[in-house]
Every structure is written in C-alpha cells, then in structure tokens.
Amino acid sequence: MAAEDITPGTSDGAAPPARKASWKMIGPGMVVAATGVGAGDLVATLIAGSKFGYTLMWAAVIGCIIKIALAEATGRWHLATGRTIFDGWRSLGPWTTVYFAVYVVIWGFVYGATAMSSSALPLQALFPDVMPLKAWAIITGLIGLVFVWTNRYAIVEKIMMVFVGVMFLVVVYVAIRVSPHLGDAFAGLLPVLPSGSMIFTLGLIGGVGGTITMAAYGYWINAKGWADSSWMKMMRLDNRVAYITTGIFVVAMLIVGAELLHSSQIALATGDKGLLDLDEILQKRFGSSTSTLFLIGFFAASYSSLVGVWHGVSLMFADFVERLRAARGLAAEAGVAPLTRGEQERSLPFRAYLLWLTFPPMVLLWLDQPFGLVIAYGVLGAFFMPFLAATLLWLLNSKRTPRQWRNGWLSNVLLGASCVLFVALCVQQVRELPW
C-alpha cells in the first residue's frame, strides 16, 4: 500500500471505526453557512425574486446542492488526509501559495470595511439618532475583534448558532407574512430561463453562501475536534443540515421578492442598502414591529459574516504562515512543534490577521475605495471559487487522498459543474468591473 493511501489516525493504515452521526453535535456547517450568507447575498436574492417572481426557484435548489458538494469535499479532504486545505494547495505547486498570499491580504483589507459597514447599516436604522454610520461600523469591528481574540471556537460556534436561529426565524416569518403563492412556488422548481435572467440565475446558484469561508470549513471541523475519517458521517450530516437551512433562507427571500416586490414592480437598491429599502416597504405594509424584527435579522446576517470571517479566515492565515515556515525549515531550526488545535487561535499570525481585518480597513470608511484596489479585489475574489472547485477536483482524484475517500462519480459531476459555473461567474464579474 502506498504511503498516500494510508488513512491518518491508525498505525497500520486501517480506517478508524466510524462514529455515530448525532444531531446534537451539529455546528461547523452552521458556522460556515451563516458566514457565507451576508446582507449582499440576501439583496441579490430579493432582486431576483422581484424581477422574475418564482421562476428561478429551481436555481436556488441547485445552488444548495452545489454548496453541499463543495463543503463536503473540503471537509472530506481534511478528515481523510489529516492535512489542511492549504497544505493540499501547496502540494499542487508554488503558484497556489502566491495566489493565496496576494488574495488574502487584499481581500481582507477590503472585506473588513465592507463587513463593518454592512453590520452598521441596520444598527443605524434601529437607532437613527445615536451616532453616525462610521461610528457604528468601527464599534462593530472592535467588538468582533475583542470577541474572537478572547474566545475559542466553541464559544464562536455558540454565538453563530444564535445568529442562525435569528436569521432563520426572521426570514421565514417575513416570507409567511407576505402570503406565498405555493402553486407558483412549486411551478418555479421546473428549470426555466426567462429572457434576461442568465446573470441572476448564475448568481442564485453560485452566489449565496459561496466565499472564502467555504475553504475555512475544514478548519472549523478540526477546531471542533473532528480530526480523522471516523468523523466523516458526522461531517456529512452537519454539512447537509447547514446548507439545507441556507436553501430555506434563499427560498424565503425569493418568496419575499416575488410577493412583495414583483407584483408591485418595486425596485430595490443594489448592495446592502437594498435591505433598508425593504425595511421601509415592510413598515408601510405590516407596521413597525415587523420592520424592526427584519432589521434585527438583517443585523444577524451581517454580523454573523463578520464574526465568521474574523475567526475562520484568521485560522486559514495562521495555517498559511505555519506551512510557509515549515517549508523553509524555520520551525524545525527553532525547535518549534506544529501548532495544535486551540494554539492556532492564540498564535501571532492568527491575531495579526485579526488586526489586519479590523484596523487598516477603517481607513476605507472615510475614503472611496481606490480604483486599483477595486480592480484587484474584484479579480482576485472572482477567481477564488473556481480556484477552490478546481483544486478540490484535483486533490480528491489523486493519490494525495486515501483511495477509500477519493471522489466518486457524483462528487466529480457536482464539483465539475460547480467549476464550470464559477468560471462563468468569474468571467461575468471581471467584465462588470470598472476598468
């Protein structure tokens, strides 16, 4: 048996006994799903519903299936090999290290400002005369920094589960209040492409819940204590429940867009401010209590993304630095052992990236994003999801993965389809940049 085919965790290469999947242990999937679904995603879904009604419901379902496949592949790599996703990327060549190094620095700088502004919008709407938007944004960033700095994954997971619960209840409640047309909703499960709907369809399938945090899923399952292939059933249950929940979010927002906006031909602003437009519409139709509840859900969606990125991407960056040190022999020369679970969250690289996400982006709260930075951020961000899908296909069909856990035909079909989809989205996003 080749060394690459030995499952980690046993001395003879035999797979460890499978652990029973328990609903009580669900958590990392909810963290990655809540982090990936931000306010901008919800607006995009609302706009799709407002323009095409229930017609694109099928695209939301396909998107859910593709996200399940991508997250499952990420988790399977971590559990089957005992190696992180960045370790896998490094095995494909130095180009992956260069791409990730540039991406994580520029992306973190711009995303930090975006996340803080998005979290501040509903707070300013809830408390309009307390302080300006920039002050709310700075406060949300600082609270996120202190929370992640002083807590470990177990506490982060608990607060994220609260955010998921609030998001779920609010979005489903609003969808029920607008009285959905169930016959039209079921009819929307038939694949139809109305004229002018291609971009919205691609966005629904690939956009909601699809960010760098999908790659962080493996780090969160390791932080949970799931370290080898015996946790595979548990990981798969966790992942499916999380993205089915995400699918319900998307369907509920489509219903709101179809019933509240499509029939009245009401247009929303693009970006996070579109949710403030919806708040005003809800207040006029259902009263202040419903609109206030919606703003709380808006905040939960935005702030869960902030907390999730502050923790998950910082974990990835800490692993990135550790692997670079190991490759250069610096850790061995200094007699430094690899960081264990929990130590990464207290490491210098983890905390350095936390600071990078928080303080430098505050400058962008006062400045328009520089032209060159917008272009670099857009291009690098557009390439990340096809990069993730393609490299997972490569890694999980090679000897780097134990034979038992390599891709089957279904995984290859879904990952291949997601790769094609994300390449199409990448091309479209790059074309729309203000060159």
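Modeller: Of the 435 residues in the chain, 54% are buried, where buried means under 20% relative accessible area, exposed over 50% and partly exposed in between, with a 1.4 Å probe and protein chains only. This is a predicted model, in which local features need pLDDT of at least 70 and side-chain atom pairs count only at pLDDT 80 or more, while totals for chains, interfaces and linings use all residues. Residues are numbered from 1 along each chain as its sequence is written, and side-chain values use heavy atoms, with hydrogens and water left out.

The mean pLDDT of the chain is 85, and 87% of its residues reach 70 or more; pLDDT is the predictor's confidence in each residue, on a scale from 0 to 100. Residues 1–7 fall below 50, and this stretch has 19 contacts in the model beyond near neighbours in sequence. Residues 331–337 are also below 50, with four such contacts. A contact means heavy atoms within 4.5 Å.

The secondary structure comes to 17 helices and zero strands. Among contacts between residues at least 6 apart in sequence, 85% join residues at least 24 apart.

Let us begin with H1 (28–36). Nine of its nine residues are buried, so H1 is largely enclosed by the rest of the structure. They run from Pro28, Gly29 and Met30 through Val31, Val32 and Ala33 to Ala34, Thr35 and Gly36. Around them pack helix H2 (39–52), H7, H10, H11 and H13.

Two packed helices are described by the angle between their axes and the distance between the axes. For H1 and H11 the angle is about 30° and the axes are 7 Å apart; axes are lines fitted to C-alpha atoms, for helices over the stretch in contact, and angles run from 0 to 180 degrees between N-to-C directions. H1 is therefore roughly parallel to H11, given that angles under 35 degrees count as roughly parallel, over 145 as roughly antiparallel, 65 to 115 as roughly perpendicular and the rest as oblique.

H10, one of the partners of H1, spans residues 217–224 and is mostly covered, with six of its eight residues buried. Those six are Tyr217, Gly218, Tyr219, Trp220, Ile221 and Ala223. They pack against helices that include H3 (57–81), H4 (85–91), H7 (153–177) and H11 (232–262). Just after H10, Gly225 takes a positive phi of about 105°.

H13 (288–327) is also a partner of H10, and H13 packs with H12 (residues 273–286) at an angle of about 155°, their axes 7 Å apart. H12 is therefore roughly antiparallel to H13, and their crossing is right-handed. Leu275, Leu276, Leu278, Asp279, Leu282, Gln283 and Phe286 of H12 meet Ser288, Thr290, Ser291, Phe294, Leu295 and Phe298 of H13. That set divides into eight nonpolar, four polar and one charged.

Leaving aside neighbours within four places in sequence, Leu275 is in contact with Ala39, Leu42, Val43, Leu46, Met253, Phe294 and Phe298. Its C-alpha atom is separated by 9.0 Å from that of Phe294, 19 residues away along the chain.

Tyr173 of H7 is partly exposed instead, at 31% relative accessible area. Beyond its neighbours within four places in sequence, Tyr173 is in contact with Thr290 and Leu293. Tyr173 and Leu293 are 120 residues apart in sequence and 9.5 Å apart in space, C-alpha to C-alpha. In the loop between H7 and H8 (182–187) you will find Ser179, whose phi near 60° is a positive value in a residue other than glycine.

Note on methods:
Helices (H or I, at least four residues) and strands (E, at least two) are DSSP runs, numbered from the N terminus. A crossing is left-handed if the near helix is turned anticlockwise from the far one by less than a right angle, and right-handed if clockwise. Ala, Val, Leu, Ile, Met, Phe, Trp, Tyr, Cys and Pro count as nonpolar, Asp, Glu, Lys and Arg as charged, and the others, Gly among them, as polar.
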